[in-house]
Amino acid sequence: MKKKLSLLIVDDDPDDRAFFIEAAKEIDENIDCMTANDGQKALDLLRNSLSFLPDLIFLDIRMPLLNGKKCLLEIKKDERLKHLPVIIYTTSKVVEESIELKKMGAVHFISKPANADEIYYLLSVMIEEYLGTLRMN
């Protein structure tokens, strides 16, 4: 039986979350998408859920309350969560920041695309890469 893929999209911009979900559903309508609009809500969701742990986390960096960098640090400190692949998804194009975030445990750093077609393309590449990793394990 094929495993159903689940994503957690953490972004304070409701339009970006909606584009992301739309792109995921276009790739595969069975993908489960959970969302959080800040890092604290994402951590609460991850820590308090007994059954939901996403296969991939897409995390924006610049958010109110608890930003993405702090959220990533908390995820990687938590024994139950630290194995989860986190993909940084942000408007930043600062190379030094991407290097720092990868050292902190992020698996990828991607700049937010300007339109839905680019979101679809990036998401399909990330999902295919993740599924390919699953097949090898």
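In which crossing, right-handed or left-handed, does α2 pass α3? The crossing is right-handed. This is a predicted model.

**Helix packing**

Two packed helices are described by the angle between their axes and the distance between the axes. Here the pair is helix α2, residues 39-48, and helix α3, residues 68-77. Their angle is about 20°, and their axes are 9 Å apart. Angles under 35 degrees count as roughly parallel. α2 and α3 are therefore roughly parallel to each other.

Which residues of α2 meet α3? From α2 come G39, A42, L43, L46 and R47. On the α3 side, they meet C71, E74 and I75. By class, the residues of this contact divide into five nonpolar, one polar and two charged.

**Aromatic pairs**

How many aromatic pairs does the structure hold? There are two. One joins F20 and Y89, with ring centres 4.9 Å apart. The ring planes stand at 80°, and planes over 60 degrees apart count as edge-to-face. The F20 and Y89 pair is therefore edge-to-face.

F20 lies in helix α1, residues 14-27. Y89 lies in strand β4, residues 86-90. The pair therefore ties together parts that are 69 residues apart in sequence. F20, F58 and Y89 form one aromatic cluster.

**Burial**

Buried or partly exposed: how does F20 count? F20 has 2% relative accessibility, so it counts as buried. Y89 is also at 2%, and Y89 counts as buried.

| Residue | Relative accessibility | Class |
|---|---|---|
| F20 | 2% | buried |
| Y89 | 2% | buried |
| D16 | 15% | buried |
| D13 | 28% | partly exposed |

D16 has 15%, so D16 is buried. D13 has 28%, so D13 counts as partly exposed.

What does D16 touch, not counting residues up to four places away in sequence? It touches D11 and K112.

D13 sits in the loop between β1, residues 6-10, and α1. How far apart in space are D13 and L72, C-alpha to C-alpha? They are 18 Å apart. In sequence, D13 and L72 are 59 residues apart.

Technical notes:
Residues numbered from 1 in each chain as written. Predicted model: local features only at pLDDT ≥ 70, side-chain atom pairs only at ≥ 80, totals over all residues. Heavy atoms only, no water. Axes fitted to C-alpha atoms, helices over the stretch in contact; angles between N-to-C directions. Helix = DSSP H or I, 4+ residues; strand = E, 2+ residues; numbered from the N terminus. Parallel < 35°, antiparallel > 145°, perpendicular 65-115°, else oblique. Left-handed = near helix turned anticlockwise from the far one by under 90°. Contact = heavy atoms within 4.5 Å. Nonpolar A, V, L, I, M, F, W, Y, C, P; charged D, E, K, R; others polar. Phe/Tyr/Trp six-rings, centres within 6.5 Å; stacked < 30°, edge-to-face > 60°. Buried < 20%, exposed > 50% of the residue type's maximum accessible area, 1.4 Å probe, protein only.
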